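Some terms used for a protein structure rest on cut-offs. The questions below ask how those terms apply here.

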Amino acid sequence: MIEHSPTAILRRAAKNVERLLMSHAKQMDITPNLLRVILALHECPGMTAAEIGRRLGFDRETNRYVIRVLTERKLISRTASERDTKAMCNTLTAKGKKIAERGLVIHSEIDGRVAKIIAISKLS
């Protein structure tokens, strides 16, 4: 019964999460990684790029890319950090906050679906 093992259940849930996230992010004309950063900044405004990268597990290249794209699209604003003169703090703009609000609804929907997958798997 390998398909009912905790690992298989989590793998199936992760695939569903990724598929749903891709679908919803596409509707908002952003990538899942951009949405992840927006949601992280909604939760913890003012994070530096390094803090975002550590929190989301991004490598430097991905981190630079998402920060640049979010800045170009005016979804985040960047200000000098008071703690570290080399770092910039990132916060959501009004436009970014709107996407975060939509993203939170999506996140809640995804959580519900994953909970159902896990509950159904437990019954099997």
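Q: What makes the 3 strands an open sheet with an order?
A: The order is β1-β3-β2, with antiparallel pairing. Two strands pair if DSSP finds at least two bridges between them. β2 and strand β3 (residues 88-92) have 5 bridges in the antiparallel sense, so the pair meets that definition. Within it, Ile 76 stands opposite Leu 92 in β3.

Q: Why are β1 and β2 said to stand at the edges?
A: β1 (47-48) and β2 (76-80) each have a single partner strand, so one side of each is left without a neighbour in the sheet. Helix α2 packs on the sheet and touches β1, β2 and β3, and its direction makes about 95° with that of β3.

Q: How do you know what counts as a helix or a strand, and on what kind of model does this rest?
A: Both are DSSP runs, numbered from the N terminus: helices are H or I with at least four residues, and strands are E with at least two. The protein has 5 helices and 3 strands, and from the N terminus on they run α-α-β-α-α-β-β-α. The model is predicted: local features need pLDDT of at least 70, side-chain atom pairs count only at pLDDT 80 or more, and totals for chains, interfaces and linings use all residues. Residues are numbered from 1 along each chain as its sequence is written, and side-chain values use heavy atoms, with hydrogens and water left out.

Q: Why is α2 called roughly perpendicular to α3?
A: Helix α2 (residues 32-43) and helix α3 (residues 49-56) pack at about 110°, with axes 11 Å apart. Angles of 65 to 115 degrees count as roughly perpendicular (under 35 is roughly parallel, over 145 roughly antiparallel, the rest oblique). Therefore α2 is roughly perpendicular to α3.

Q: What makes up the contact between α2 and α3?
A: Contact means heavy atoms within 4.5 Å. Arg 36, Val 37, Ala 40, Leu 41 and Glu 43 of α2 meet Ile 52, Arg 55 and Leu 56 of α3. By class, 5 of these residues are nonpolar, none polar and 3 charged.

Methods: Axes fitted to C-alpha atoms, helices over the stretch in contact; angles between N-to-C directions. Nonpolar A, V, L, I, M, F, W, Y, C, P; charged D, E, K, R; others polar.
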